[in-house]
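Thank you all for coming; please have a look at the structure on the screen while I talk. I will go through the core, the helices, the aromatic pairs and the metal site.

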Amino acid sequence: MSALRDLYQEVIVDHGRRPRNFGRMAQATRRAEGYNPLCGDRLTLYLRLADDVIVEASFEGAGCAISTASASLMTEALKGMTAAQAEILFTNFHAMLTGNGTAPVPLGKLETLAGVREFPARVKCATLAWHTLHAALHGADEPVSTE
Ligand code: ZN
């Protein structure tokens with residue numbers, strides 16, 4: 001179990017240090033901003049949708065390793081999903097972090113963040129990108145705050 005924990009740790013550290021899909025997207029069709037005042041994490045999420053499919057996702061901002069890793073893993077997972085599938089993924093990811101700690105369905109690499117559940121203050125770091133995703137998909141103009 002500790003080997004698995006180490007592996008999970010490694011994925012989070014890797015994505016926290018070298019986030020994937022990091023940067024502004026000029027061709028974005030959706031955009032939303034998120035802020036977690038508890039930790040100071042800020043991010044802007046960019047999505048490019050074509051026929052209701054997320055063809056590209058990126059983000060920029062500054063935050064702790066958990067929020068950055070979560071945003072990085074999320075943007076990787078979103079590619080090729082429809083908006084509806086992305087919403088379902090958000091629901092399942094949120095359930096993993098707030099429920100009994102197991103994902104209702106296999107979530108692949110996103111399961112590396114399951115351990116965050118043991119640190120309630122960090123759950124907001126891990127879900128910031130996802131709340132921002134929800135806002136982007138619903139076209140909300142107001143910046144999202146986890147508070
Ligand atoms: Zn944070």
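Let me begin with what I mean by a nonpolar core, which is a set of buried Ala, Val, Leu, Ile, Met, Phe, Trp, Tyr and Cys residues joined through side-chain atoms within 4.5 Å. Please keep in mind that this is a predicted model. With that definition, the largest nonpolar core in this model has 41 residues, and those with the most contacts inside it are Leu45, Leu47, Ile54, Ile66, Leu78, Trp130 and Leu133. The elements that each give two or more residues to this core are H1, S2, S3, H2, H3 and H4, and H4 is the one that gives the most, with ten residues. As a general background, nonpolar side chains tend to be buried together in soluble globular proteins.

What does Leu45 touch, if we leave out residues up to four places away in sequence? The list is Arg30, Arg31, Ala32, Ser58, Phe59, Met74, Thr75, Ala129, Thr132, Leu133 and Ala136. Leaving out residues up to four places away in sequence, Thr132 in turn touches Ala32, Glu33, Gly34, Leu43, Leu45 and Val144.

Strand S2 also holds Thr44, which is buried, with a relative accessible area of 12%. Again without counting residues up to four places away in sequence, Thr44 touches Arg31, Ala32, Glu33, Ser58, Phe59 and Glu60. As for distances across the model, the C-alpha atoms of Thr44 and Val105 are separated by 28 Å, and these two residues are 61 residues apart along the chain.

Turning to H2, this helix has 14 residues and reaches 20 Å from its first C-alpha to its last, which is close to the 20 Å expected at 1.5 Å a residue. Is H2 mostly covered or mostly uncovered? H2 is mostly covered, in that eleven of its 14 residues are buried, among them Ile66, Leu73, Met74 and Leu78, and the buried set also includes Ser67, Thr68, Ser70, Ser72 and Thr75. H2 is followed by Gly80, whose phi is positive, near 90°.

Next come the aromatic rings, where the structure holds two aromatic pairs. One of them is formed by Phe22 and Phe59, and it is edge-to-face, with 5.2 Å centre to centre and 90° between the planes. Phe22 lies in the loop between helix H1 (2-17) and S1, whereas Phe59 lies in strand S3, so the pair ties together parts that are 37 residues apart in sequence. Phe22 is partly exposed, with a relative accessible area of 44%, while Phe59 is buried, with a relative accessible area of 3%.

The rings of Phe93 and Trp130 have their centres 4.4 Å apart and their planes at 15°, so this pair is stacked. Phe93 lies in helix H3 (residues 83-98) and Trp130 in helix H4 (residues 120-137), so here too the pair ties together parts that are 37 residues apart in sequence. Both Phe93 and Trp130 are buried. A further contact with a ring is that of Arg42, which lies over the face of Tyr35, at 4.0 Å from the ring centre.

Finally, the metal site: which protein atoms are the donors of the zinc ion? They are Cys39 (SG), Asp41 (OD), Asp41 (OD), Cys64 (SG) and Cys125 (SG), lying 2.2 to 2.7 Å from the zinc ion, and along the chain the donors follow the spacing C-x1-D-x22-C-x60-C. Cys39 is partly exposed, with a relative accessible area of 35%, whereas Cys64 is buried, with a relative accessible area of 17%.

Terms used
Residues are numbered from 1 along each chain as its sequence is written. This is a predicted model: local features need pLDDT of at least 70, side-chain atom pairs count only at pLDDT 80 or more; totals for chains, interfaces and linings use all residues. Side-chain values use heavy atoms; hydrogens and water are left out. Donors are N, O and S atoms within 2.8 Å of the metal (3.2 Å for Na, K and Ca); water is not among the atoms, so sites may look incomplete. Buried means under 20% relative accessible area, exposed over 50%, partly exposed in between (1.4 Å probe, protein chains only). Helices (H or I, at least four residues) and strands (E, at least two) are DSSP runs, numbered from the N terminus. The expected span of a helix is 1.5 Å times one less than its number of residues. Rings of Phe, Tyr and Trp (its six-membered ring) pair if their centres lie within 6.5 Å; planes under 30 degrees apart count as stacked, over 60 as edge-to-face and the rest as tilted. A charge sits over a ring if NZ of Lys or CZ of Arg is within 6 Å of the ring centre and within 35 degrees of the ring normal. Contact means heavy atoms within 4.5 Å.
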